Amino acid sequence: MIKVERIRKDLETLAQFTATPGAGVTRMAFSPEERQAREYLQREMEAIGLEVYTDAVGNLFGRRAGKDPEAPVVMIGSHIDSVKNGGPFDGAAGVVAALEIARALQDMGKETVHPIEVVVMTEEEGGRFGSGLFGSRAMVDGISQEELTGTFDEERISKAEAMKAFGLDPDKVREAVRKPGSVKAFLELHIEQGPVLESTGTKIGIVESIVGIRTFFVTIYGSADHAGTTPMNMRRDALVAASRVITAIDGIAREAGENTVGTVGSIQVKPGSNNVVPAEVRFSIDLRDGDNEVIERATAKIKQVLAEVCEAANLTYTWEEALSVPPVATEAKIIDIVAEAAQRKNISFRMMPSGAGHDAMVMARLAPVGLLFVPSRDGKSHCPEEWTDYEDIALGAELYLDAVLALAQ
Ligand code: HGY
Ligand code: MN
Ligand code: MN
């Protein structure tokens with residue numbers, strides 16, 4: 001059965017693969033730390049006889065054969081890339097739970113009709129190149145050439161170059177696309193990253209819907225001038241304009257809808273010297289809501305404010321869309337299987353929405369999906385303080401073991 005000690009060992013091992021030891025987990029896509037994490041997981045997959053393979057975009061799979069090799073696979077997993085100085089559970093908890101389910105099936109000597117695939121998705125966070133959900137989008141929609149050559153990390157390395165350096169061939173990304181009907185279901189266990197489960201003393205969150213996400217990047221262009229000799233009325237200050245737009249985004253998000261959230265999480269200022277008027281500012285916009293209409297309206301308002309502010313200040317700007325994923329509902333049948341298993345095992349659960357984005361929201365375009373949350377201590381995530389009890393992950397894995405057996409038999 002599910003063994004919490006194996007879950008603990010996996011997560012404590014993975015947490016060591018970070019570019020910022022002592023300051024949380026920083027494990028960017030196609031980084032040396034990610035390679036170490038993959039190699040560990042690959043060894044663990046091979047140790048229980050899974051057939052290990054990597055697809056054209058770097059998604060890592062451990063395939064457990066079914067009696068019918070042609071039957072659509074039951075896929076279960078999550079991601080191992082992280083945000084900067086993030087926590088050891090975001091994504092990794094779901095990958096480890098999937099691996100542990102495969103171990104439990106092995107221990108039980110269970111044979112299933114459908115093959116089962118443990119999946120480690122690549123670049124879910126988008127922390128390195130700005131466009132996340134990369135591995136799942138590659139399986140569902142395919143990835144455009146401009147995303148590969150037109151998105152860059154902080155060292156101006158393109159995604160295509162990073163993939164090549166990692167041993168992948170960016171010209172083959174379309175080979176990662178999965179045929180419709182080839183996946184029977186996709187299950188993802190994830191930490192809640194919010195306060196609801198802990199504050200209500202509930203062990204499991206069964207997610208009914210996942211918010212839609214739109215990510216944009218705005219660059220405002222002004223002119224660099226001497227901070228001491230340039231009169232205020234002769235400046236074209238890109239940062240002052242950006243600050244007006246960013247403040248407006250906060251107000252628009254607060255008014256757009258009851259659950260709308262709008263975040264400007266990253267900003268770069270050029271040249272970035274304290275005695276030079278900022279010439280160029282690039283910032284991100286992350287908009288989310290359960291209703292796509294609300295996101296659309298908020299986006300239109302932000303665009304209007306940006307145009308007005310820049311026109312008034314005689315500045316130019318660019319607007320790039322990096323991600324657009326609509327809200328999705330998870331599969332009722334999977335919800336029922338998990339709820340029934342939780343009742344039978346006397347594990348407390350509640351239905352809830354997901355304010356965080358997950359690969360499941362993309363995979364929903366390919367197959368029925370399930371998303372299950374386990375509690376986050378103090379509701380914190382995307383920071384070194386992120387914590388989830390191993391026992392809670394084990395409970396979630398128990399429930400998904402039942403779901404995998406129900407779906408794959
Ligand atoms: O941004 C998110 O919601 C997720 O953590 N990638
Ligand atoms: Mn995350
Ligand atoms: Mn995540």
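Predicted model: local features only at pLDDT ≥ 70, side-chain atom pairs only at ≥ 80, totals over all residues.
**Entry 1. Conventions.** I number residues from 1 along each chain as its sequence is written, and I letter chains from A and number ligands from 1 in the order in which they are written. Local features need pLDDT of at least 70, side-chain atom pairs count only at pLDDT 80 or more, and totals for chains, interfaces and linings use all residues, while side-chain values use heavy atoms, with hydrogens and water left out.

Entry 2. Glu 125 lies in the loop between strand 4 (116-121) and helix 4 (134-140), and His 382 in the loop between strand 14 and helix 12 (390-408), so the pair ties together parts that are 257 residues apart in sequence. Helices (H or I, at least four residues) and strands (E, at least two) are DSSP runs, numbered from the N terminus.

**Entry 3. Ligand 1.** I listed the residues around ligand 1 (a heavy atom within 4 Å): Glu 124, Glu 125, Arg 288, Ala 356, Gly 357 and His 382. I then looked up polar contacts, which are pairs of N or O atoms within 3.5 Å. A nitrogen atom of ligand 1 is 3.0 Å from a side-chain N or O atom of Glu 125. Oxygen atoms of the ligand take part in contacts with a side-chain N or O atom of Arg 288 at 2.6 Å and with a backbone N or O atom of Gly 357 at 2.7 Å. Taken alone, ligand 1 exposes 220 Å², of which the protein buries 86% (Shrake-Rupley method, 1.4 Å probe).

**Entry 4. Cavity.** I found one cavity of 30 Å³ or more; a cavity is a set of points on a 1 Å grid over the protein atoms alone where a 1.4 Å probe fits but cannot get out, and lining residues have an atom within 4 Å of a point. The largest cavity holds about 50 Å³ of space, the volume being that filled by probe spheres set on the points. Two or more lining residues each come from strand 6 (204-210), helix 10 (332-344) and strand 14 (369-374). Strand 14 gives the largest share, four residues.

Definitions and conventions:
1 Å grid on protein atoms, 1.4 Å probe; cavity = no way out; pocket = protein on both sides within 12 Å on 5 of 7 lines; lining within 4 Å. Polar contact = N/O pair within 3.5 Å; in protein donor to acceptor, adjacent residues only side chain to side chain.
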